[in-house]
Amino acid sequence: MLPTRIPFPAMPQFVALYVLPALAIVTYFLQLWSGFAIAGISGNNMLVDRRTKPGPYWFIMALQTVIFFAIAIVTTLNK
């Protein structure tokens, strides 16, 4: 169970280990649900629609899946 008040020195570790992965997972499932994948921060092709460009959409989703597993493996091996 998480403590009610997190001391300041532990805050970056808490954010890195719990908040960022939770946001990444929520974003991933929102992309699957909505049919729009986030391909970048800026540019003309920031969002990729699954209906109009299924190939690039699934490539982006596969790439994000590989990145999620790689981060999880590296984090686990680092402990």
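Twelve residues line the largest pocket of this structure, and P21, F68, I71, A72 and T75 are those nearest its centre. The model is a predicted one. Its protein chain contains two helices and two strands, arranged along the sequence in the pattern α-β-β-α. Of the 79 residues in the chain, 13% count as buried.

**Largest pocket**

- The volume of the largest pocket is about 340 Å³.
- Helix 1 and helix 2 each contribute at least two residues to the lining of this pocket.
- Helix 1 provides the largest share of that lining, namely six residues.

- A nonpolar patch on the surface is formed by V15, L17, Y18, V19, L20 and L23.
- Together, the residues of this patch have about 520 Å² of accessible area.
- One member of the patch, L23, is located in helix 1, which comprises residues 11-34.

**Helix 2**

- Helix 2 covers residues 54-78, a run of 25 residues.
- The buried residues of helix 2 are Y57, I60, M61 and Q64.

**Strand 1 and F36**

- F36 belongs to strand 1, which consists of residues 36-38.
- F36 and M46 are separated by ten residues in sequence, and their C-alpha atoms are 9.7 Å apart in space.

**Salt bridge**

- One salt bridge is found in a search of the whole structure.
- A salt bridge joins D49 and R51, whose closest N and O atoms are 3.3 Å apart.
- D49 is classed as buried because its relative accessibility of 12% falls under the 20% cut-off.
- R51 is classed as exposed because its relative accessible area of 69% is over the 50% cut-off.
- The salt bridge between D49 and R51 therefore pairs a buried residue, D49, with an exposed one, R51.

How values were computed. Residues are numbered from 1 along each chain as its sequence is written. This is a predicted model: local features need pLDDT of at least 70, side-chain atom pairs count only at pLDDT 80 or more; totals for chains, interfaces and linings use all residues. Side-chain values use heavy atoms; hydrogens and water are left out. Patches are made of residues with over 30% relative accessible area and no salt bridge: like charges are joined within 9 Å, nonpolar side chains (Val, Leu, Ile, Met, Phe, Trp, Tyr) within 5 Å. Accessible areas come from the Shrake-Rupley method with a 1.4 Å probe; for residues, only the protein chains shown count as cover. A salt bridge is a side-chain nitrogen of Lys or Arg within 4 Å of a carboxyl oxygen of Asp or Glu. Helices (H or I, at least four residues) and strands (E, at least two) are DSSP runs, numbered from the N terminus. The expected span of a helix is 1.5 Å times one less than its number of residues. Buried means under 20% relative accessible area, exposed over 50%, partly exposed in between (1.4 Å probe, protein chains only). On a 1 Å grid over the protein atoms alone, a cavity is a set of points where a 1.4 Å probe fits but cannot get out, and a pocket is an open set with protein on both sides within 12 Å along at least five of seven lines; lining residues have an atom within 4 Å of a point. Grid points are joined across faces, edges and corners, and a volume is the space filled by probe spheres set on the points.
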